[in-house]
Amino acid sequence: MRIASNEHPESVEELSATIRREFGDEVLGIIVGLCNISNIKLKVSKEQASDFRDMIVSYSEDPRVILIKLADRLEVMRELGIFPPEKRRKKSWESMNLYAPIAHKLGLYSLKSELEDLALKWLEPKDYEYICRRLEETESERQTFIARFLEPIVEKIDKQGIKYHIKSRTKSIFSIWTKMRKSHIPFEEVFDIFALRIIVDCPREIEKTLCWNIYSIVTDFYTPNPDRMRDWISIPKSNGYESLHTTVVTKEGRWVEVQIRSQRMDEVAERGIAAHWRYKGVNQGAQTSEQWLGRLRELMETTTHSL
């Protein structure tokens, strides 16, 4: 179903009544919010990017509207090859400069990264293909190094009987491209190509203790860089992100970023407000969403830097 601004008023009213009758006021509100966003006429100019983000928030009384809009944009980007070249570039620019920053504000990092990578694929195809190829060529060496790096850490964690698992996360293509451009360095000199994520599975009341315990184990074997230490467990980010980040150096002089967090923290980082609902309970979802939307509005209003 679709409600368009150029529809005859009577047909809009009839359709709204049908949606209300079959699905209720809540679903109707979400659909109207999506239509309001879709009706915004967007011009591709950096000066309007901030205004557009603010408009999205102001038109969206229900945070689910923004989540649905982001999901819809991601689906479009995954199928962007079917569009003509000019439309591909326009949608890629919007995704990189408007939708990805909104996803970042919401703490939806996986969605943010995929939007940026897909946009770069069409905006800078040669650079994108080069980085993809270099990542594939260095994959085997990278996995060998990771196994060797983790060996003493895993052995000590296992001895303590901590329940955990480890993820190896390769830096997004867009992040690598940005680093190469900003620092004027070749692919080989991007030292933080990957990060290791150690995720502990434990009750919430002992999360901090176990995360710092893991940190102590890591730094028993490798020297940390104090300038690269980030404690978002003691003071979480405003979007709810919690994690302990440190960058350590091996005896060979190779730097490795290690992220330490609980299973709950990891799910919140990946899924944002949806994970908050899971851990706080559905009955508290309305209150949680109001707090989340209030925080989102505040973030949007205080973001003054140019995109």
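These are my notebook entries on a predicted model of one protein chain.

**Ground rules**

I number residues from 1 along each chain as its sequence is written, and my side-chain values use heavy atoms, with hydrogens and water left out. In this predicted model, local features need pLDDT of at least 70 and side-chain atom pairs count only at pLDDT 80 or more, while totals for chains, interfaces and linings use all residues.

**Entry 1: the whole chain**

I began with the overall make-up and found 13 helices and 6 strands in the chain. Next I looked up burial: of the 307 residues, 46% count as buried. Buried means under 20% relative accessible area, exposed means over 50%, and partly exposed lies in between, with a 1.4 Å probe and protein chains only. I also checked contacts, which means heavy atoms within 4.5 Å. Among contacts between residues at least 6 apart in sequence, 65% join residues at least 24 apart.

**Entry 2: helices α5 and α6**

How do α5 and α6 lie relative to each other? I noted that the axes of helix α5 (residues 85-105) and α6 come within 8 Å and cross at roughly 160 degrees. Axes here are lines fitted to C-alpha atoms, for helices over the stretch in contact, and angles run from 0 to 180 degrees between N-to-C directions. The two helices are therefore roughly antiparallel. For that wording, angles under 35 degrees count as roughly parallel, over 145 as roughly antiparallel, 65 to 115 as roughly perpendicular and the rest as oblique.

I wrote down the crossing of α5 past α6 as left-handed.

I then stopped at E116, which sits in helix α6 (residues 109-123). Is E116 buried or exposed? E116 counts as buried, at 6% relative accessibility. Leaving out residues up to four places away in sequence, I see E116 touching M96, A100 and F174.

**Entry 3: helices α8 and α10**

I recorded the passage of α8 by α10 as a right-handed crossing. From α8 the contact draws on P152, I153, K156 and I157, and from α10 on I214, I217, V218, D220 and F221. These residues divide into 7 nonpolar, no polar and 2 charged.

D220, in helix α10, is partly exposed with a relative accessible area of 46%. I looked up its spacing from K156 too: D220 and K156 are 64 residues apart in sequence and 10.0 Å apart in space, C-alpha to C-alpha.

**Entry 4: aromatic rings**

How many aromatic pairs does the structure hold? I found 7. Rings of Phe, Tyr and Trp (its six-membered ring) pair if their centres lie within 6.5 Å, and planes under 30 degrees apart count as stacked, over 60 as edge-to-face and the rest as tilted. I picked F145 and F194, whose ring centres are 6.1 Å apart with planes at 65 degrees, so the pair is edge-to-face. This pair joins distant parts of the chain, with F145 in helix α8 and F194 in strand β2 (residues 194-200), 49 residues apart. F145 is buried at 5% relative accessible area, and F194 is buried at 5%. Ring pairs also link F145, F149, F194 and Y222 into a cluster.

**Entry 5: two loop residues**

I found H184 in the loop between α9 (173-183) and β2. H184 has a positive phi of about 55 degrees although it is not a glycine, and it is exposed at 70% relative accessible area.

E242 lies in the loop between β4 (230-231) and β5 (244-249), and I noted it as buried at 12%. Not counting residues up to four places away in sequence, E242 touches W232, I233, P236, R261, R264 and M265.

Terms used: A crossing is left-handed if the near helix is turned anticlockwise from the far one by less than a right angle, and right-handed if clockwise. Helices (H or I, at least four residues) and strands (E, at least two) are DSSP runs, numbered from the N terminus. Ala, Val, Leu, Ile, Met, Phe, Trp, Tyr, Cys and Pro count as nonpolar, Asp, Glu, Lys and Arg as charged, and the others, Gly among them, as polar.
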